[in-house]
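I am keeping these notes as I look through a structure for the first time. The entries follow the order in which I looked things up.

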Amino acid sequence: MSARFPVARPRRLRRSPALRRMVAGTRLHPADLVLPVFVKEGIAEPQPVVSMPGVVQHSRDSLRKAAHEAAEAGVGGLILFGIPAVKDARGSAADDPDGILQVALRDVNAEVGDAIVVMADTCLDEFTDNGHCGILTSSGDVDNDATLERYASIAVAQAEAGSQMVAPSGMMDGQVGAIRAALDGAGYGNIPILAYSAKYASAFFGPFRDAAECAPQFGDRSTHQQDPAGPLEEALREVRLDLAEGADAVMVKPALAYLDIIARFRAEVDVPVAAYQVSGEYAMIEAAAANGWVDRERMIMESLVGIKRAGADMILTYWATEVARRL
Ligand code: PBG
(Lines give C-alpha, C1' and ligand atoms only; values in the text may rest on other atoms or scores of the structure.)
Protein backbone atom coordinates (compact mmCIF):
# COMPACT_ATOMS: atom_id res chain seq x y z
CA MET A 1 0.00 0.00 0.00
CA SER A 2 1.46 3.31 -1.00
CA ALA A 3 1.97 5.96 1.70
CA ARG A 4 -0.22 8.25 -0.34
CA PHE A 5 -3.22 6.19 0.83
CA PRO A 6 -4.66 5.90 4.35
CA VAL A 7 -3.29 3.29 6.70
CA ALA A 8 -6.48 2.89 8.68
CA ARG A 9 -8.77 0.62 6.70
CA PRO A 10 -12.08 0.00 8.52
CA ARG A 11 -13.26 -1.82 5.44
CA ARG A 12 -10.98 -4.76 6.29
CA LEU A 13 -13.47 -5.92 8.90
CA ARG A 14 -16.40 -5.75 6.49
CA ARG A 15 -15.04 -8.06 3.83
CA SER A 16 -17.15 -11.14 4.42
CA PRO A 17 -20.40 -12.13 6.11
CA ALA A 18 -18.42 -14.21 8.62
CA LEU A 19 -16.19 -11.27 9.54
CA ARG A 20 -19.15 -8.92 9.88
CA ARG A 21 -20.97 -11.44 12.02
CA MET A 22 -17.99 -11.95 14.30
CA VAL A 23 -17.45 -8.25 14.98
CA ALA A 24 -21.14 -7.30 15.24
CA GLY A 25 -21.82 -4.92 18.11
CA THR A 26 -25.53 -5.60 18.38
CA ARG A 27 -27.03 -9.06 18.53
CA LEU A 28 -30.71 -9.75 18.82
CA HIS A 29 -31.77 -12.80 20.78
CA PRO A 30 -35.25 -14.35 20.77
CA ALA A 31 -35.43 -13.88 24.55
CA ASP A 32 -35.16 -10.09 24.04
CA LEU A 33 -38.49 -10.08 22.26
CA VAL A 34 -41.98 -9.75 23.69
CA LEU A 35 -45.05 -10.47 21.55
CA PRO A 36 -48.15 -8.30 22.10
CA VAL A 37 -51.36 -10.28 21.47
CA PHE A 38 -55.03 -9.33 21.32
CA VAL A 39 -57.76 -11.65 22.53
CA LYS A 40 -61.40 -10.90 21.90
CA GLU A 41 -64.35 -12.26 23.80
CA GLY A 42 -67.00 -14.28 21.99
CA ILE A 43 -65.34 -14.96 18.64
CA ALA A 44 -64.88 -18.46 17.22
CA GLU A 45 -62.28 -17.58 14.60
CA PRO A 46 -59.42 -15.06 14.69
CA GLN A 47 -60.31 -11.73 13.05
CA PRO A 48 -57.72 -9.92 10.93
CA VAL A 49 -56.79 -6.37 11.95
CA VAL A 50 -57.05 -4.43 8.69
CA SER A 51 -54.50 -1.75 9.55
CA MET A 52 -51.99 -4.36 10.80
CA PRO A 53 -51.72 -7.02 8.08
CA GLY A 54 -50.61 -10.30 9.68
CA VAL A 55 -51.95 -9.37 13.14
CA VAL A 56 -55.26 -10.76 14.39
CA GLN A 57 -57.68 -10.44 17.25
CA HIS A 58 -57.45 -13.92 18.68
CA SER A 59 -60.11 -16.29 19.85
CA ARG A 60 -59.18 -18.18 23.02
CA ASP A 61 -58.13 -21.15 20.89
CA SER A 62 -56.08 -19.26 18.36
CA LEU A 63 -54.36 -17.38 21.19
CA ARG A 64 -53.28 -20.66 22.75
CA LYS A 65 -51.79 -21.70 19.42
CA ALA A 66 -49.98 -18.38 18.98
CA ALA A 67 -48.63 -18.63 22.52
CA HIS A 68 -47.23 -22.09 21.82
CA GLU A 69 -45.63 -20.88 18.58
CA ALA A 70 -44.01 -17.92 20.35
CA ALA A 71 -42.72 -20.14 23.15
CA GLU A 72 -41.35 -22.69 20.67
CA ALA A 73 -39.54 -19.93 18.81
CA GLY A 74 -37.90 -18.89 22.09
CA VAL A 75 -39.66 -15.52 22.39
CA GLY A 76 -39.04 -14.04 25.85
CA GLY A 77 -42.53 -12.86 26.74
CA LEU A 78 -46.14 -12.37 25.78
CA ILE A 79 -48.19 -9.32 26.67
CA LEU A 80 -51.95 -9.75 26.51
CA PHE A 81 -54.59 -7.18 25.62
CA GLY A 82 -58.25 -8.13 26.10
CA ILE A 83 -61.28 -6.91 24.16
CA PRO A 84 -64.47 -7.56 26.13
CA ALA A 85 -67.91 -8.15 24.60
CA VAL A 86 -69.46 -5.51 26.86
CA LYS A 87 -67.88 -2.17 27.77
CA ASP A 88 -69.03 0.39 30.31
CA ALA A 89 -67.89 3.65 31.89
CA ARG A 90 -65.82 1.99 34.62
CA GLY A 91 -64.41 -0.80 32.46
CA SER A 92 -65.97 -3.47 34.66
CA ALA A 93 -64.65 -6.36 32.57
CA ALA A 94 -61.06 -5.31 33.27
CA ASP A 95 -61.01 -6.73 36.81
CA ASP A 96 -63.77 -9.31 36.47
CA PRO A 97 -62.19 -12.72 37.27
CA ASP A 98 -64.23 -14.09 34.35
CA GLY A 99 -63.36 -11.20 32.05
CA ILE A 100 -61.71 -12.12 28.76
CA LEU A 101 -58.24 -10.96 29.74
CA GLN A 102 -58.24 -12.97 32.97
CA VAL A 103 -59.63 -16.06 31.22
CA ALA A 104 -56.98 -15.80 28.52
CA LEU A 105 -54.20 -15.26 31.08
CA ARG A 106 -55.25 -18.48 32.80
CA ASP A 107 -55.34 -20.37 29.47
CA VAL A 108 -51.93 -19.22 28.34
CA ASN A 109 -50.23 -19.41 31.69
CA ALA A 110 -51.38 -23.00 32.22
CA GLU A 111 -50.00 -24.08 28.86
CA VAL A 112 -46.79 -22.14 28.26
CA GLY A 113 -46.22 -20.18 31.47
CA ASP A 114 -43.05 -22.12 32.27
CA ALA A 115 -41.46 -21.38 28.90
CA ILE A 116 -42.38 -17.73 28.34
CA VAL A 117 -43.13 -14.77 30.61
CA VAL A 118 -46.88 -14.16 30.49
CA MET A 119 -47.84 -10.57 31.23
CA ALA A 120 -50.78 -8.23 30.88
CA ASP A 121 -51.22 -4.62 29.84
CA THR A 122 -52.81 -2.93 32.83
CA CYS A 123 -55.11 -0.22 31.55
CA LEU A 124 -58.76 0.61 30.99
CA ASP A 125 -59.08 1.84 27.42
CA GLU A 126 -59.97 -1.56 25.95
CA PHE A 127 -62.70 -1.89 28.58
CA THR A 128 -64.37 1.52 28.77
CA ASP A 129 -67.26 2.38 26.47
CA ASN A 130 -65.73 5.82 25.83
CA GLY A 131 -62.27 4.41 24.91
CA HIS A 132 -60.47 6.43 27.59
CA CYS A 133 -57.79 5.02 29.86
CA GLY A 134 -59.60 5.88 33.06
CA ILE A 135 -62.66 7.07 34.94
CA LEU A 136 -63.94 10.36 33.56
CA THR A 137 -64.92 13.46 35.50
CA SER A 138 -68.19 15.20 34.65
CA SER A 139 -66.27 17.49 32.30
CA GLY A 140 -64.77 14.53 30.42
CA ASP A 141 -61.21 14.66 31.74
CA VAL A 142 -59.58 11.51 33.12
CA ASP A 143 -59.82 11.53 36.94
CA ASN A 144 -56.34 10.51 38.04
CA ASP A 145 -57.01 9.18 41.52
CA ALA A 146 -60.33 7.47 40.77
CA THR A 147 -58.49 5.72 37.95
CA LEU A 148 -55.69 4.59 40.27
CA GLU A 149 -58.20 2.64 42.33
CA ARG A 150 -59.33 0.83 39.20
CA TYR A 151 -55.75 0.09 38.08
CA ALA A 152 -54.93 -1.35 41.50
CA SER A 153 -57.89 -3.69 41.33
CA ILE A 154 -57.12 -4.68 37.72
CA ALA A 155 -53.50 -5.52 38.53
CA VAL A 156 -54.61 -7.79 41.39
CA ALA A 157 -57.14 -9.54 39.11
CA GLN A 158 -54.42 -10.04 36.51
CA ALA A 159 -51.98 -11.46 39.06
CA GLU A 160 -54.69 -13.75 40.40
CA ALA A 161 -55.28 -15.02 36.84
CA GLY A 162 -51.61 -15.87 36.43
CA SER A 163 -50.04 -12.77 34.95
CA GLN A 164 -46.36 -13.08 35.87
CA MET A 165 -45.75 -9.36 35.42
CA VAL A 166 -48.09 -6.37 35.04
CA ALA A 167 -47.52 -3.45 32.72
CA PRO A 168 -49.43 -0.28 33.57
CA SER A 169 -49.77 1.81 30.41
CA GLY A 170 -52.21 4.57 31.32
CA MET A 171 -49.73 7.28 32.36
CA MET A 172 -51.67 8.24 35.50
CA ASP A 173 -49.56 9.92 38.16
CA GLY A 174 -48.82 7.48 40.96
CA GLN A 175 -49.94 4.37 39.06
CA VAL A 176 -46.88 2.30 39.88
CA GLY A 177 -47.11 3.04 43.61
CA ALA A 178 -50.84 2.32 43.73
CA ILE A 179 -50.39 -0.99 41.91
CA ARG A 180 -47.37 -1.99 44.01
CA ALA A 181 -49.31 -1.39 47.24
CA ALA A 182 -52.32 -3.33 45.97
CA LEU A 183 -50.25 -6.29 44.78
CA ASP A 184 -48.31 -6.42 48.03
CA GLY A 185 -51.52 -6.17 50.05
CA ALA A 186 -53.07 -9.07 48.12
CA GLY A 187 -50.09 -11.36 48.59
CA TYR A 188 -48.50 -10.70 45.19
CA GLY A 189 -45.33 -9.08 46.42
CA ASN A 190 -43.37 -11.25 44.00
CA ILE A 191 -45.06 -9.93 40.84
CA PRO A 192 -42.86 -7.36 39.07
CA ILE A 193 -44.13 -4.17 37.45
CA LEU A 194 -43.01 -3.18 33.96
CA ALA A 195 -43.86 0.53 33.91
CA TYR A 196 -44.64 2.33 30.69
CA SER A 197 -42.64 5.29 32.01
CA ALA A 198 -42.21 7.46 28.94
CA LYS A 199 -45.27 7.03 26.79
CA TYR A 200 -45.97 9.70 24.26
CA ALA A 201 -49.32 10.90 22.88
CA SER A 202 -48.37 9.37 19.57
CA ALA A 203 -49.91 9.11 16.11
CA PHE A 204 -47.99 5.82 15.86
CA PHE A 205 -50.67 4.19 18.07
CA GLY A 206 -53.29 4.62 15.32
CA PRO A 207 -53.61 1.00 14.13
CA PHE A 208 -53.67 -0.32 17.72
CA ARG A 209 -56.96 1.43 18.23
CA ASP A 210 -58.46 -0.82 15.53
CA ALA A 211 -56.79 -3.89 16.99
CA ALA A 212 -57.95 -3.22 20.54
CA GLU A 213 -61.16 -1.37 19.59
CA CYS A 214 -60.27 1.47 21.91
CA ALA A 215 -60.29 4.72 19.93
CA PRO A 216 -61.39 7.49 22.30
CA GLN A 217 -64.97 8.49 21.44
CA PHE A 218 -64.07 12.13 22.02
CA GLY A 219 -60.89 14.02 22.88
CA ASP A 220 -57.48 12.38 23.01
CA ARG A 221 -54.85 11.24 25.51
CA SER A 222 -52.73 14.37 25.53
CA THR A 223 -53.62 15.36 29.12
CA HIS A 224 -51.89 12.23 30.44
CA GLN A 225 -49.52 10.88 27.78
CA GLN A 226 -46.37 12.93 27.19
CA ASP A 227 -46.11 15.55 24.48
CA PRO A 228 -43.81 14.33 21.67
CA ALA A 229 -42.09 17.71 21.82
CA GLY A 230 -41.94 17.77 25.62
CA PRO A 231 -38.60 18.30 27.32
CA LEU A 232 -36.25 15.37 27.86
CA GLU A 233 -36.27 16.18 31.60
CA GLU A 234 -39.96 15.29 31.70
CA ALA A 235 -39.20 11.74 30.59
CA LEU A 236 -36.43 11.51 33.17
CA ARG A 237 -38.76 12.79 35.87
CA GLU A 238 -41.38 10.19 34.94
CA VAL A 239 -38.87 7.35 35.07
CA ARG A 240 -37.42 8.45 38.41
CA LEU A 241 -40.91 8.64 39.90
CA ASP A 242 -41.74 5.16 38.59
CA LEU A 243 -38.54 3.75 40.08
CA ALA A 244 -39.20 5.47 43.41
CA GLU A 245 -42.70 3.95 43.39
CA GLY A 246 -41.27 0.47 42.85
CA ALA A 247 -41.04 -0.17 39.10
CA ASP A 248 -38.95 -3.27 38.34
CA ALA A 249 -38.45 -2.48 34.66
CA VAL A 250 -39.29 0.59 32.59
CA MET A 251 -40.52 1.17 29.06
CA VAL A 252 -40.26 3.74 26.32
CA LYS A 253 -43.06 3.88 23.78
CA PRO A 254 -43.10 4.25 20.78
CA ALA A 255 -39.56 3.15 19.91
CA LEU A 256 -38.40 4.45 16.56
CA ALA A 257 -39.13 8.14 17.07
CA TYR A 258 -37.79 8.03 20.66
CA LEU A 259 -34.44 6.24 20.33
CA ASP A 260 -32.79 9.11 22.22
CA ILE A 261 -35.10 8.51 25.18
CA ILE A 262 -34.24 4.78 25.15
CA ALA A 263 -30.51 5.62 25.14
CA ARG A 264 -30.94 8.11 27.96
CA PHE A 265 -32.97 5.70 30.09
CA ARG A 266 -30.35 2.98 29.58
CA ALA A 267 -27.67 5.37 30.82
CA GLU A 268 -29.69 6.64 33.79
CA VAL A 269 -31.42 3.62 35.33
CA ASP A 270 -30.28 0.32 36.80
CA VAL A 271 -33.29 -1.79 35.83
CA PRO A 272 -34.13 -3.41 32.47
CA VAL A 273 -35.28 -0.97 29.79
CA ALA A 274 -37.99 -2.10 27.37
CA ALA A 275 -39.04 -0.40 24.15
CA TYR A 276 -42.34 -0.89 22.35
CA GLN A 277 -42.19 -1.00 18.56
CA VAL A 278 -45.82 0.04 18.24
CA SER A 279 -48.63 -0.61 15.79
CA GLY A 280 -47.84 2.33 13.51
CA GLU A 281 -44.18 1.28 13.24
CA TYR A 282 -45.40 -2.17 12.24
CA ALA A 283 -48.01 -0.87 9.81
CA MET A 284 -45.72 1.48 7.94
CA ILE A 285 -43.17 -1.21 7.15
CA GLU A 286 -45.86 -3.76 6.22
CA ALA A 287 -47.64 -1.24 4.00
CA ALA A 288 -44.48 -0.17 2.19
CA ALA A 289 -43.47 -3.81 1.75
CA ALA A 290 -46.91 -4.75 0.40
CA ASN A 291 -46.39 -2.12 -2.26
CA GLY A 292 -43.03 -3.61 -3.15
CA TRP A 293 -41.24 -0.42 -2.12
CA VAL A 294 -38.91 -1.85 0.54
CA ASP A 295 -37.22 -5.09 1.50
CA ARG A 296 -39.55 -6.21 4.31
CA GLU A 297 -37.24 -8.62 6.17
CA ARG A 298 -34.22 -6.35 6.09
CA MET A 299 -36.24 -3.37 7.24
CA ILE A 300 -37.71 -5.32 10.15
CA MET A 301 -34.28 -6.50 11.28
CA GLU A 302 -32.70 -3.07 10.85
CA SER A 303 -35.42 -1.40 12.90
CA LEU A 304 -35.01 -3.94 15.72
CA VAL A 305 -31.23 -3.71 15.69
CA GLY A 306 -31.53 0.08 15.92
CA ILE A 307 -33.82 -0.16 18.95
CA LYS A 308 -31.50 -2.63 20.64
CA ARG A 309 -28.41 -0.55 19.84
CA ALA A 310 -30.11 2.48 21.39
CA GLY A 311 -30.17 0.53 24.65
CA ALA A 312 -33.34 -1.54 24.86
CA ASP A 313 -32.91 -4.78 26.80
CA MET A 314 -36.36 -5.98 25.75
CA ILE A 315 -38.36 -5.10 22.65
CA LEU A 316 -42.11 -5.47 22.33
CA THR A 317 -42.80 -6.17 18.66
CA TYR A 318 -45.62 -7.70 16.65
CA TRP A 319 -42.94 -9.52 14.63
CA ALA A 320 -41.54 -11.30 17.70
CA THR A 321 -42.32 -14.89 16.65
CA GLU A 322 -41.30 -14.41 13.03
CA VAL A 323 -38.03 -12.73 13.98
CA ALA A 324 -37.23 -15.21 16.76
CA ARG A 325 -37.50 -18.03 14.23
CA ARG A 326 -35.13 -16.25 11.89
CA LEU A 327 -32.43 -15.57 14.50
C1 PBG B 1 -53.12 1.47 26.27
C2 PBG B 1 -52.14 1.07 25.22
C3 PBG B 1 -52.03 1.59 23.91
C4 PBG B 1 -51.00 0.87 23.29
C5 PBG B 1 -50.52 -0.05 24.22
N6 PBG B 1 -51.23 0.11 25.41
C7 PBG B 1 -52.85 2.60 23.23
C8 PBG B 1 -52.84 4.01 23.63
O9 PBG B 1 -52.18 4.42 24.56
O10 PBG B 1 -53.56 4.76 22.99
C11 PBG B 1 -50.50 1.09 21.90
C12 PBG B 1 -49.68 -0.01 21.32
C13 PBG B 1 -49.47 0.08 19.85
O14 PBG B 1 -49.76 1.10 19.19
O15 PBG B 1 -48.98 -0.92 19.28
N16 PBG B 1 -53.77 0.36 26.83
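What volume does the second largest pocket have? I looked it up and found about 180 Å³. I keep in mind that this is a predicted model.

Entry on the second largest pocket. I counted 13 residues in its lining, and those closest to the centre are Met171, Asp173, Thr223, His224 and Gln225. I then sorted the lining of this pocket by class and got three nonpolar, six polar and four charged residues.

Entry on methionine 171. I came back to this residue, as Met171 is among those closest to the centre of the second largest pocket. I found methionine 171 in the loop between strand 6 (165-168) and helix 5 (175-185). Is methionine 171 buried or exposed? Its relative accessibility is 5%, so I put it down as buried, the cut-off for that class being under 20%. I also noted a positive phi of about 60° for methionine 171, which is not a glycine. For most residues other than glycine, phi is negative.

Entry on glutamate 213. Here too I noted a positive phi, about 50°, at a residue that is not a glycine. Where does glutamate 213 lie? I located it in the loop that runs between helix 6 and helix 7 (232-244). I class glutamate 213 as partly exposed because its relative accessibility is 33%.

Entry on the largest pocket. I read off about 380 Å³ of space for the largest pocket. I listed 22 lining residues, with Leu35, Gly54, His58, Tyr318 and Thr321 nearest the centre. Which elements give two or more residues to this lining? I wrote down strand 1, strand 3 (56-58), helix 2 (60-72), helix 9 (279-290) and helix 11 (320-326). Helix 2 supplies the largest share, with five residues. By class, I found 12 nonpolar, four polar and six charged residues in the lining of the largest pocket.

Entry on the cis bond. Which kind of peptide bond joins lysine 253 and proline 254? I noted a cis bond there, with omega at about -10°. Most peptide bonds are trans. Proline 254 has its place in the loop between strand 8 (249-253) and helix 8 (259-268).

Entry on the surface. I looked for a nonpolar patch and found one formed by Leu13, Met22 and Val23. Together these residues have about 300 Å² of accessible area. I placed valine 23 in the loop between helix 1 (17-22) and strand 1 (33-40).

Definitions and conventions. Residues numbered from 1 in each chain as written. Predicted model: local features only at pLDDT ≥ 70, side-chain atom pairs only at ≥ 80, totals over all residues. Heavy atoms only, no water. Patch = residues over 30% accessible without salt bridge, like charges linked within 9 Å, V, L, I, M, F, W, Y side chains within 5 Å. Areas by Shrake-Rupley, 256 points an atom, 1.4 Å probe, with all protein chains shown as cover. Salt bridge = Lys/Arg side-chain N within 4 Å of Asp/Glu carboxyl O. Helix = DSSP H or I, 4+ residues; strand = E, 2+ residues; numbered from the N terminus. 1 Å grid on protein atoms, 1.4 Å probe; cavity = no way out; pocket = protein on both sides within 12 Å on 5 of 7 lines; lining within 4 Å. Points joined across faces, edges and corners; volume = space filled by probe spheres on them. Nonpolar A, V, L, I, M, F, W, Y, C, P; charged D, E, K, R; others polar. Buried < 20%, exposed > 50% of the residue type's maximum accessible area, 1.4 Å probe, protein only.
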